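Look at the structure first, then read on.

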Amino acid sequence: MRNVWIVASKEFRQYFISPVAYAVATLIFLILGGIFFINVYFAIRGSQIDPDGRLVLGPLVTILLFATPALTMRLLAEEQRMGTIELLLTAPVRDWEVVVGKWFGALLFMLVVIAFTWVYPLILNRMTSPGIDQGVLVSAYLGLVLLVATMLAIGVLVSALLTNPVAAFFVALALLLALWIVGSLGSGAGAGSLVASNLSLVDHYYNNFYRGIITTPDTLYFVSLTVLALVLGSQVVESRRWR
Amino acid sequence: MIQVEGLTKYYGDHPAIVDLTFHAEAGEILGFLGPNGAGKTTTMRILTGYMPPSSGTATVAGFDVVDQSLEVRRRVGYVPETVPLYPEMSVVEYLEFMGSLRRVADLDARIEAVLAEVHLEERAASYIGNLSKGLRQRVGLAQALLHEPDVLILDEPTIGLDPAQIIEVRKLIQEIGRSRTILLSTHILSEAQQVCDRVLIINRGSIVVEDSPANLQAQLAGAERLVVIAAAETSELVKLLKNVPGIADVIEGMQEGEVQVSCAPGTDARPLIARRVIEAGLDLLELRTVGVSLEDIFLQLTREEAPPLAEPN
């Protein structure tokens, strides 16, 4: 477990000197700030502010869909391309500790970014009376963290499979998008659409967490998908030894 | 310290090493010599626990590289051929990272010690990406020495360095090798000659020869070669020397009037050659022996191993 932490803290620190991480953070804050400003500005002009923290969270989720693959793309792909993985895997570290450490480092970085976005609901809360629904806010943020953890785990898995970070970005994005839109197949009736809806990343988020409802199935969905991706990622890293 | 038995590794259908057996004693510097693609890196990767062999066994410091991989990895320091490092980290940051993964006790003191050992104290705060190839090689060595390993495995430690750096790194290896077992690969023969206690010549995945550099040279000592230069036409000189007793072969040299003569083992043909040239009324300009280098041994051994050039399909 200590090795996981050592790898994670290295990756976490690495993000603060990486241009990609700053680009991602800037993108998130810029777009989010813009959306927030426009919403509040027009609400004030219409003298009617919708007191809802989701004003921020809705667009944030969409941005994260694109941001998380950018954060995970080089984690393992670059190590494999540069050969640095050789020294990592000849250190007394288990393969899964490397994979989980990488994922956890990325998650820590995203948590910092997400924590900063909390400022917008706080502003909104000050502006409105009687303030915004804090319960929904907490639930929506909790769901967001789970969603991000899952997306990062999928990104790490893809990064383990490939040796080219750019390819890893696009493949991870494609996978996330597929898991994203599969839910829209679930709008119809029948068993097929039920399966589609249960697979969807968004349905598990927007249907409950986003509305302030924390349920066990949704939580389990995110946790199990995360674990599955990380286990597969570890298998991929281990299988490289046998080639 | 290192015990390898019947080690074989296939990449798909292609064998990289076949039935390799050798050992290295504690405190020995063992040179692993061979052309590119001979299987040196593959063997080293197996010994460091990076990849498992297809068959055969290998133990390092008494631990099996497959079943007790983590124990082996704790006791081995490894510098891969390309010295893969993180360019965006500083030297100290990198050593802190590797040292903490290796659970090095009193890490700060150890980092200071290895930086001194590889003469890198002044560049401790530099980013690895800004270092020259030679300095990066030393960072790689520092990383490998951090946990005071019993065994050091160095894959082509002098490749791509300039002559001054090569001499420095070799000196460094000899210093380090006083207290540790070192397995180092190279395709530069003079390097093995200088640095190693024992040399393994490997070609196409098999060991061709295993001996000390001095013994290897002694083996071929009988078959010495001579360079003869005389003020004459080369062809004339060849004809003249061809039937001197004790001479096995005469070939034309690089310049007009120069020939290279191979003697039969155990004979010294020099007095006879000198007399013959002068008796023919020619001026003898030079007559010297050419020592047999490891290069010659190596070429001879690997050439014998090579299959015929054209293979019918």
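**Sheet and chain contact**

In chain B, β6(B) and strand β7 (residues 151-155) run parallel and are joined by 4 bridges. The model is predicted: local features need pLDDT of at least 70, side-chain atom pairs count only at pLDDT 80 or more, and totals for chains, interfaces and linings use all residues. Residues are numbered from 1 along each chain as its sequence is written, while chains are lettered from A and ligands numbered from 1 in the order in which they are written.

**Sheet**

- Val76(B) stands opposite Val151(B) in β7(B).
- An open sheet of 6 strands has the order β6-β7-β8-β3-β9-β10 (chain B), with mixed pairing.
- β6 (76-79) and β10 (206-211) of chain B stand at the edges with a single partner strand each, so one side of each has no neighbour in the sheet.
- Neighbouring strands are turned by 15° against each other on average, direction ignored.
- Strands pair if DSSP finds at least two bridges between them.
- Helices (H or I, at least four residues) and strands (E, at least two) are DSSP runs, numbered from the N terminus.

**Helices across the sheet**

- Helix α1 (residues 40-47) of chain B lies across β3 (29-33), β7, β8 (181-186) and β9 (198-203), at about 150° to β7(B).
- Helix α5 (residues 133-145) of chain B lies across β6 and β7, at about 165° to β6(B).
- Axes are lines fitted to C-alpha atoms, for helices over the stretch in contact; angles run from 0 to 180 degrees between N-to-C directions.

**Chain contact**

- Chain B gives 20 residues and chain A 17 residues; contact means C-beta atoms, placed from the backbone, within 7 Å.
- α3(B) gives the largest share of chain B's side, 4 residues.

Notes:
Two residues are in contact if their C-beta atoms, placed from the backbone, lie within 7 Å.
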